[in-house]
Amino acid sequence: MPIALIHNRPETALELLHVATGKPIPPFTAARVEAVDSSQPVPVERRADSVVVVRDEKGKATMAVIVEVQRGYDGGKRFNFEYLGEKYFSHWLEKGEAKGRAEGEAKAILLVLESRGLRISDEARERIRLCEDPEQPDAWARGAAVITSVDELFG
């Protein structure tokens with residue numbers, strides 16, 4: 001019956017998640033029950049009782065709730081569906097990895113400049129942090145070791 005409730009009204013899964021975690025649900029246009037299986041080349045099947053995916057006005061998935069009926073507490077259960085999460089949100093994983101790498105590179109460049117006693121203006125700091133060119137941090141890192149002023153990085 002709990003899964004029938006979710007299938008008939010997917011928003012119920014979001015409401016339950018909010019009540020259980022206290023975390024807000026992102027704004028959405030639609031919440032639909034979607035594919036519950038996550039197949040892979042190895043003969044292992046992972047199937048959830050239900051999956052509710054929240055999509056924005058452009059149809060992009062913004063959140064997924066994997067619904068599993070439990071008869072008791074199983075602390076490891078929440079980690080059994082990583083493949084299903086990747087099915088819907090692998091683009092977020094890739095984007096998060098790239099963002100983390102860029103943040104680390106910017107931090108390293110700024111640390112080298114600071115350790116050398118160079119004055120870093122707020123504008124230069126922001127330019128380094130917000131850089132979206134994947135090749136630029138390498139050039140800045142090489143330069144950070146030998147320049148005499150931060151302005152030389154951008155010149």
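Alanine 141 counts as partly exposed, because its relative accessibility is 39%; on this scale, buried means under 20% relative accessible area, exposed means over 50%, and partly exposed is what falls in between, using a 1.4 Å probe and protein chains only. This alanine sits in helix α5. Helices here are DSSP runs of H or I with at least four residues, strands are runs of E with at least two, and both are numbered from the N terminus. Alanine 106 is 35 residues away from alanine 141 in sequence, yet the two C-alpha atoms are 8.8 Å apart in space.

The model is predicted, so local features need pLDDT of at least 70 and side-chain atom pairs count only at pLDDT 80 or more, while totals for chains, interfaces and linings use all residues. Residues are numbered from 1 along each chain as its sequence is written, and side-chain values use heavy atoms, with hydrogens and water left out. As for pLDDT itself, it is the predictor's confidence in each residue, from 0 to 100. The protein has a mean pLDDT of 80, with 77% of its residues at 70 or more. Helix α4 (residues 122-129) has the highest confidence, at a mean of 94, and helix α3 (residues 82-115) the lowest, at 77. Where pLDDT is low, the predicted coordinates should not be read in detail.

Overall, the secondary structure comes to 6 helices and 3 strands, laid out along the sequence as α-α-β-β-β-α-α-α-α. Of the 155 residues, 28% count as buried. Contacts are heavy atoms within 4.5 Å, and among those with a separation of 6 or more, 49% come from residues 24 or more positions apart.

What about the strands? Strand β2 (residues 50-55) has 6 of its 6 residues buried, so it is largely enclosed by the rest of the structure. Ser50, Val52 and Val54 point one way from β2, whereas Val51, Val53 and Arg55 point the other way. Two strands pair if DSSP finds at least two bridges between them. β2 runs antiparallel to strand β1 (residues 30-33), joined by 4 bridges, with alanine 31 opposite valine 54. β2 also pairs with strand β3 (residues 61-67), again in the antiparallel sense, over 6 bridges; here arginine 55 has alanine 61 as its bridge partner. β2 and β3 make a hairpin with 5 residues between them, and glycine 59 in the turn has a positive phi of about 90°.

Helix α2 (residues 11-21) brings in Thr12, Ala13 and Leu14 as buried residues. The buried residues of α2 pack against α1 (2-8) and against β1, β2 and β3. Just after α2 comes glycine 22, with a positive phi of about 80°.

Then there is the second largest pocket, which holds about 370 Å³ of space. A pocket is an open set of points on a 1 Å grid over the protein atoms alone, where a 1.4 Å probe fits, with protein on both sides within 12 Å along at least five of seven lines; lining residues have an atom within 4 Å of a point. The lining of this pocket has 17 residues, and Ala98, Lys99, Ala102, Cys131 and Glu132 lie nearest the centre. Two or more lining residues come from each of α3, α4 and α5 (136-144), with α3 giving the most, at 8 residues. The lining divides into 10 nonpolar, no polar and 7 charged residues.

Note on methods. Grid points are joined across faces, edges and corners, and a volume is the space filled by probe spheres set on the points. Ala, Val, Leu, Ile, Met, Phe, Trp, Tyr, Cys and Pro count as nonpolar, Asp, Glu, Lys and Arg as charged, and the others, Gly among them, as polar.
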